[in-house]
Amino acid sequence: MDTLVAVVNVLSAGLVAFAEKAPDPEDVKAGWGAFAIFAGLALAIALLGVSLTKHLKKTKANAEAGVFDEDPEPEA
């Protein structure tokens, strides 16, 4: 049990030392990397929307053509 307490004390001391070395808030900026991630996510959403629209049009055309069974057989 004493070993566990010692390990927790060392880890907490290391965490406090790491937190004290944090940069100043005015030095932290989003930058081009964050913009690239944002643009990539926006592009992914747009592509998913295009794909969804395409598949919904196919489904509607198949439903109108009678591909799907509208009335399932009642179970006995």
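Thr53 lies in helix H2 of a predicted model, in which local features need pLDDT of at least 70, side-chain atom pairs count only at pLDDT 80 or more, and totals for chains, interfaces and linings use all residues. Residues are numbered from 1 along each chain as its sequence is written, and side-chain values use heavy atoms, leaving out hydrogens and water.

**Fold and overall form**
- The protein has two helices and zero strands (DSSP runs numbered from the N terminus: H or I of at least four residues for helices, E of at least two for strands).
- Its radius of gyration is 29 Å, whereas a compact globule of 76 residues would be near 11 Å (taken over C-alpha atoms; the globule rule is 2.2 Å times the number of residues to the power 0.38).
- Along the principal axes, the C-alpha atoms fill a box of roughly 70 × 45 × 15 Å.

**Exposure**
- Buried residues make up 0% of the 76 residues (buried is under 20% relative accessible area, exposed over 50%, partly exposed in between, with a 1.4 Å probe and protein chains only).
- Thr53 is partly exposed, because its relative accessible area is 40%.

**Distance from Thr53**
- Thr53 and Glu70 are 17 residues apart along the chain, and their C-alpha atoms are separated by 22 Å.

**Phe38**
- Phe38 is found in helix H2, which covers residues 31-64.
- Phe38 has a relative accessible area of 58%, so Phe38 counts as exposed.
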